[in-house]
Amino acid sequence: MPPTARILLVDHEDTLYALESALAPLGHPLGRATSGDEALKQLLRGNVGVLLLDAHMPGTGGLDVVRWMRRLEQTRHIPVVLLTGFARDHRLGAAAYRLGVADLVTTPVDPWALRTKVRHLYDTHQRGLALEAEARALRARLDAAGAPAARPAPPLPHAHVPPVHPPGAHTAELGGDRT
């Protein structure tokens, strides 16, 4: 994913302006949608780094959007901040966190706190994507070089590993049993 991944904002028109004002100082491109269906279309087009989503959208609601996202490989790992104008609803929170939502934020939001959360989620997601791309490139180089299959990793230092005896050696020959 290029470093110009968008932060996709999904909410009612009047709230989108406030969110854009709060997040503009981050310097990342901002996308906007006013419905869950529109959000899904934009997510499928790709290049989304973080999704801020109203939990109570008409039609396809916020939790429904997240359910669809988590089913698709290309959108499964996009961080989601779910926004709600209602007081903390424990059922909503439980459902959101079960779906892997990064945070549930009650509106109106503190712009500084929201910017901090979104910056962290965006940067972490971008670093993860960069590491995945690097791992794929390294695997491709190994495959192209005809490298032998990877050896199993050595055991962890704290793991119990039984002693290995040379083939054909008996315990008495190794000095373990002197009867």
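This is a predicted model: local features need pLDDT of at least 70, side-chain atom pairs count only at pLDDT 80 or more; totals for chains, interfaces and linings use all residues.
I'm counting a residue as buried when its relative accessible area is under 20%.

**Leu53**

I looked up Leu53 and found it in strand β3, which covers residues 48-54. Buried or exposed? Leu53 comes out at 0% relative accessibility, so I put it down as buried. Next I checked what Leu53 touches, skipping neighbours within four places in sequence. I got Val10, Gly62, Val65, Val66, Val80, Val81, Leu82 and Leu83. I also looked at Leu8, which sits 45 residues from Leu53 along the chain. The C-alpha atoms of that pair are 8.1 Å apart.

**Thr60**

I moved on to the loop between β3 and α3 (62-71), where Thr60 lies. Thr60 has a relative accessible area of 17%, and the cut-off is under 20%, so Thr60 is buried too. Which side chain does the side chain of Thr60 make a polar contact with? I found that of Asp37, at 2.7 Å. Leaving out residues up to four places away in sequence, I noted that Thr60 touches Gly36, Asp37, Leu40 and Val65.

**α1 against α5**

Last, I checked the helix pair α1 (residues 13-23) and α5 (residues 111-144). Their axes come within 9 Å and cross at roughly 70°. That angle falls in the 65 to 115 range, so I call α1 roughly perpendicular to α5. I have the crossing down as right-handed. On the α1 side I listed Leu19, Ala22 and Leu23, which meet Pro111, Leu114, Arg115 and Val118 of α5. I sorted the residues of this contact into 6 nonpolar, no polar and 1 charged.

Methods. Residues are numbered from 1 along each chain as its sequence is written. Side-chain values use heavy atoms; hydrogens and water are left out. Axes are lines fitted to C-alpha atoms, for helices over the stretch in contact, and angles run from 0 to 180 degrees between N-to-C directions. Helices (H or I, at least four residues) and strands (E, at least two) are DSSP runs, numbered from the N terminus. Angles under 35 degrees count as roughly parallel, over 145 as roughly antiparallel, 65 to 115 as roughly perpendicular and the rest as oblique. A crossing is left-handed if the near helix is turned anticlockwise from the far one by less than a right angle, and right-handed if clockwise. Contact means heavy atoms within 4.5 Å. Ala, Val, Leu, Ile, Met, Phe, Trp, Tyr, Cys and Pro count as nonpolar, Asp, Glu, Lys and Arg as charged, and the others, Gly among them, as polar. Buried means under 20% relative accessible area, exposed over 50%, partly exposed in between (1.4 Å probe, protein chains only). A polar contact is a pair of N or O atoms within 3.5 Å; within protein, one must be able to donate a hydrogen and the other to accept it, and residues adjacent in sequence count only if both atoms are side-chain atoms.
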